[in-house]
Amino acid sequence: SASTILTIDTFYEGLRPYLLSEDQLRQNGYPLPHESSPFVAQIEEYDSSRKPPNPVASLCDTDTEHTCVRCGKRFIITTEHRYAVQEDCNYHEGRLWTKRDGSSTAKVYSCCQSPPGSSGCQVGKYHVTAGTR
């Protein structure tokens, strides 16, 4: 069979139906340039009474349990797409690494030099998930 060569123009035309208008971007919380400064972004405040724009999220008819990718704690997102319990996320921004000091070594976090199992050195307002787990 003959192979079809996809030109850049054909590729972009194929993506055109998926482009969002500026209003759609604004409604979905996408950062847009501020009118008064090209170096500042403005984000429309999220209206929690609106249905989420993600149609996949709307398919969930039960609360879902997630594991925070920052602190490892389990948390629940309700069918209304809200946290079941609002609590801070204490986590380490850095990675565990082996610190060498002369002949001794110790595992510490790169962000604050604290040992494994120590309380996080950063506090986030929310837990973060990479998806349903």
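Reader: Hi! Quick one to start: is His66 buried or exposed?

Author: Hello! His66 is buried in this predicted model. Its relative accessible area is 6%, and buried means under 20%.

Reader: Thanks. Which strand is His66 in?

Author: His66 sits in strand β3, which covers residues 64-67.

Reader: And what does the side chain of His66 make a polar contact with?

Author: With the side chain of Thr129, at 3.3 Å.

Reader: Let me step back a bit. How many helices and strands does the protein have?

Author: There are 2 helices and 8 strands. Starting at the N terminus, the order is α-α-β-β-β-β-β-β-β-β.

Reader: What share of the residues counts as buried?

Author: Of the 133 residues, 14% count as buried. On the contact side, looking at pairs with a separation of 6 or more, 37% of the contacts are between residues 24 or more positions apart.

Reader: Good to know. What is the mean pLDDT of the protein?

Author: The mean is 82, and 84% of the residues reach 70 or more. A stretch to watch is residues 53-59, where the pLDDT is below 50. Beyond near neighbours in sequence, that stretch has 4 contacts in the model. Where pLDDT is low, the predicted coordinates should not be read in detail.

Reader: Speaking of β5, which strand does Tyr91 lie in, and is Tyr91 buried or exposed?

Author: Tyr91 lies in strand β5. Tyr91 counts as buried because its relative accessible area is 13%, below the 20% limit.

Reader: What does Tyr91 touch away from its sequence neighbours?

Author: Not counting residues up to four places away in sequence, Tyr91 touches Arg70, Cys71, Gly120, Cys121, Gln122, Val123 and Gly124. As for Ser118, 27 residues away along the chain, its C-alpha atom is separated from that of Tyr91 by 9.4 Å.

Reader: Switching to pockets: what is the volume of the second largest pocket?

Author: About 230 Å³.

Reader: Which residues line the second largest pocket?

Author: Tyr91 is one of them, and so is Ser118. Sorted by class, the lining has 4 nonpolar, 5 polar and 3 charged residues.

Reader: Nice. Now the loop between β4 and β5: where is Thr78, and is it buried or exposed?

Author: Thr78 is in that loop, which runs between β4 (74-77) and β5 (89-91). At 15% relative accessibility, Thr78 counts as buried. Apart from neighbours within four places in sequence, Thr78 is in contact with Asp63 and Ala84.

Reader: What about Glu80, buried or exposed?

Author: Glu80, which also lies in the loop between β4 and β5, is exposed, with a relative accessible area of 52%. The cut-off for exposed is over 50%. The side chains of Glu80 and Thr79 are joined by a polar contact of 3.1 Å.

Reader: What about the phi of Gln113?

Author: Gln113 has a positive phi near 65 degrees, again in a residue other than glycine. Its place is the loop between β7 (104-109) and β8 (122-124). Gln113 is partly exposed, with a relative accessible area of 36%.

Reader: Last one: where is Pro31 found, and which residues is Pro31 in contact with?

Author: Pro31 is found in the loop between α2 (22-27) and β1 (32-33). Leaving aside neighbours within four places in sequence, Pro31 is in contact with Ala41, Gln42 and Ile43. The C-alpha atoms of Pro31 and Glu44, 13 residues apart along the chain, are 7.8 Å from each other. Pro31 counts as partly exposed, at 40% relative accessibility.

Technical notes: Residues are numbered from 1 along each chain as its sequence is written. This is a predicted model: local features need pLDDT of at least 70, side-chain atom pairs count only at pLDDT 80 or more; totals for chains, interfaces and linings use all residues. Side-chain values use heavy atoms; hydrogens and water are left out. On a 1 Å grid over the protein atoms alone, a cavity is a set of points where a 1.4 Å probe fits but cannot get out, and a pocket is an open set with protein on both sides within 12 Å along at least five of seven lines; lining residues have an atom within 4 Å of a point. Grid points are joined across faces, edges and corners, and a volume is the space filled by probe spheres set on the points. Ala, Val, Leu, Ile, Met, Phe, Trp, Tyr, Cys and Pro count as nonpolar, Asp, Glu, Lys and Arg as charged, and the others, Gly among them, as polar. Helices (H or I, at least four residues) and strands (E, at least two) are DSSP runs, numbered from the N terminus. Buried means under 20% relative accessible area, exposed over 50%, partly exposed in between (1.4 Å probe, protein chains only). A polar contact is a pair of N or O atoms within 3.5 Å; within protein, one must be able to donate a hydrogen and the other to accept it, and residues adjacent in sequence count only if both atoms are side-chain atoms. Contact means heavy atoms within 4.5 Å. pLDDT is the predictor's confidence in each residue, from 0 to 100.
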